[in-house]
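Student: Hi! Could you walk me through this protein model, starting with the big picture?

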Amino acid sequence: MAPLAPDAAKLPRRVLTQSVTTQPLDAQLQALETQTLALYRSDLTRNSDTADALLARLGIDDPEAAAFLRRDTLARTLFEGRAGKMVQAITEGGHLKELVARSPSAAAEQFSTHFSRLVISRDAIGLTARSEQARLATQTKLGSGTIESSLFAAADDSRLPDAVTVQLAELFATDIDFRRDLKRGDTFTVLYEALTADGEPVAWNQASGRVLAAQFINGGKTHDAVWFQQTQVSGKTQGAYFGLDGRSKTRMFLASPMAFSRVTSGFSMRFHPVLQSWRRHLGVDYGAPIGAPVRAVGEGVVEFAGWQNGYGNIVIVKHAGERETRYAHLSRIDARRGQRLQQGDSIGAVGATGWATGPHLHFEFRVRDENVDPMTIARASEVLTIAPASRNRFSELAQTARTQLAVAPSGSEARFE
C-alpha cells in the first residue's frame, strides 16, 4: 500500500530565532531565597487518627504542633466525635503555620445552615486554637444518572449526596412506585443546592441543600418538578414543588411514613411468617433498622398510642374523611392520645414489637374501616395551587428549569453557574 501522507523529508522547513534577555542565574537564586514557600494540604480525619498520624498524612514534621494537638483542650476536639472533619493545613519549611478543621455544627437546629470552624495557628508567641460557628454557603449543581440496578446505586455513580437522592425519591414517590415501577434504563436529572464551607463542598452528606428542579423518565414517561415560592394573601411566602405544567406535587398524604426505605411486603397476598399460612396482607411493611424515624403521612389526631396484641407498640391516627392510618411494631412512641399531628411529624421509631419476626414498620391505611392501598390514597389529591398573580413568574421559572435540566449528560455531576 502506498502511503497517503507526503514524504516528510520533502516538506518545507522554517526556523524561527528569537533573542531572550535573562537575569544572571545567581541573581535569580538569591531572589528565590528571600521568598517564603507555603504549602497547602487537605484531608479528612479518620477514626484511628492521632495527632502524629494526622500530621504525618498532611506531610508535617512538627513535634511542637503534635504536642499542642494532644495537650490543648480545644485542639483535642479535632479527634473527638465523628470522623470526616475537613482539615486544611498550611506549612512553611515543614512546620505547621495554620490548620483549619471544618465540621458539622454542634447545634442540631443549625446543622443545615452553619458549620464549626476550628483554627489552630502559629504566631510569634506560639500555637493558639479558637473555635467559631460560620454560615454555610450554597452552590447550584446539576447531576444526572441512568438506572442499572437501583436508584441509590445510580446516584452513587453520579456522585450525588445521599440526602439529595432521598429528596429525589420523596419528590416522585406518588408518581413512581420505586419498588415495582423502576426499570433498567430509566434516567434522572436533578438541579440541587450543594452546601460549602469556606468555598469547599462539605463532606457530610446530610448537609445538602434543597432540590431545586428534577426530572425522572420512568418507562418512557417523563415526570418533572420545580421548587417554587409564592406570596400568600396573608403576606407570608410559601414554597412547594410543582410540575413544570403547574400541577402541585404536594399531596394531602405522603406516599410513605418513612424516608425512602425498602418495602418487604406490599399490599397483596403473602405467606404469613408467624401464622404459617397464606393471608391477604392489608398494609405495607417497610424494612429498616431499629430506631429509624417514622412520620405521620398526613394531618390528623392521635386516637390511640400504646400496645395492641400482634401490632405491638402502635399509633393510630384519625384523618378527615373517615380515614385512619396505623403505624405498628414501633420500638418507641413519640405521640400521645389526643395530639394533633401535622404531615411529617414524628410518630416514633421502627422496632420489632408484637408479632414481628424482625425490625420493620407495618403501615396501614383505612377508609371507613376498610383497608386500602396507601399508594392509591397518596396519589388521590393535591393540596396546593399556584395563585393567578404568580402564574407568569412560575412560567418563567419553569422554562428556566426546563433549559437547565436539558443540558446534563447522563451520569454526570457539574457545578451550574
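Predicted model: local features only at pLDDT ≥ 70, side-chain atom pairs only at ≥ 80, totals over all residues.

Student: Great. How many helices and strands does the chain have?

Tutor: There are seven helices and 25 strands.

Student: And what share of the residues is buried?

Tutor: Of the 417 residues in the chain, 43% are buried.

Student: Okay, sheets next. In what order do the strands of the five-stranded open sheet come?

Tutor: The order is S1-S2-S3-S4-S5, with antiparallel pairing. S1 (38-44) and S5 (127-135) stand at the edges with a single partner strand each, so one side of each has no neighbour in the sheet. On average, neighbouring strands here are turned by 15° against each other, ignoring direction.

Student: What actually holds strands together in a sheet?

Tutor: Strands of a sheet pair through backbone hydrogen bonds, in either a parallel or an antiparallel way.

Student: Can we zoom in on one pair? How many bridges link S2 and S3?

Tutor: Seven bridges, in the antiparallel sense, link S2 (residues 86-92) and S3 (residues 95-104). To pick out one spot, Ala89 has Leu99 in S3 as its bridge partner.

Student: Which helix packs on that sheet?

Tutor: That is helix H3 (residues 63-71), which touches S3, S4 (114-122) and S5. The direction of H3 makes about 60° with that of S5.

Student: Which residues of H3 are buried?

Tutor: They are Ala65, Ala66, Phe68 and Leu69. Looking down the axis of H3, they fall within an arc of 160°, so they line one face of the helix. Their cover includes helix H2 (51-57), S3, S4 and S5.

Student: And what is on the face turned away from the buried side of H3?

Tutor: The exposed residues Pro63 and Arg71 are there.

Student: Switching topic: why is S19 described as largely enclosed?

Tutor: Six of the six residues of S19 (residues 323-328) are buried, so the rest of the structure largely encloses this strand. Arg323, Thr325 and Tyr327 are buried on one side, and Glu324, Arg326 and Ala328 are buried on the other.

Student: Which strands pair with S19?

Tutor: S18 (residues 312-319) pairs with S19 in the antiparallel sense over five bridges, and Ile316 stands opposite Arg326 in S19. S23 (residues 360-367) also pairs with S19 in the antiparallel sense, over six bridges. There, the bridge partner of Glu324 is Arg366 in S23.

Student: What's in the turn between S18 and S19?

Tutor: That hairpin has three residues between the strands, and Gly321 takes a positive phi near 75°. Glu322 is in that loop too, with a phi near 55°, which is positive even though the residue is not glycine.

Student: Is Glu322 buried or exposed?

Tutor: Glu322 counts as exposed, at 54% relative accessibility. Compare His329, in the loop between S19 and S20 (330-333): His329 has a positive phi of about 70°, but is buried, with a relative accessible area of 6%.

Student: Last one: what does Thr165 touch?

Tutor: Thr165 lies in helix H5 (residues 162-171) and is buried at a relative accessible area of 1%. Apart from neighbours within four places in sequence, Thr165 is in contact with Leu151, Phe152, Ala155 and Leu160.

Technical notes:
Residues numbered from 1 in each chain as written. Heavy atoms only, no water. Helix = DSSP H or I, 4+ residues; strand = E, 2+ residues; numbered from the N terminus. Buried < 20%, exposed > 50% of the residue type's maximum accessible area, 1.4 Å probe, protein only. Pairing = 2+ DSSP bridges. Axes fitted to C-alpha atoms, helices over the stretch in contact; angles between N-to-C directions. Contact = heavy atoms within 4.5 Å. Arc of directions from axis to C-beta.
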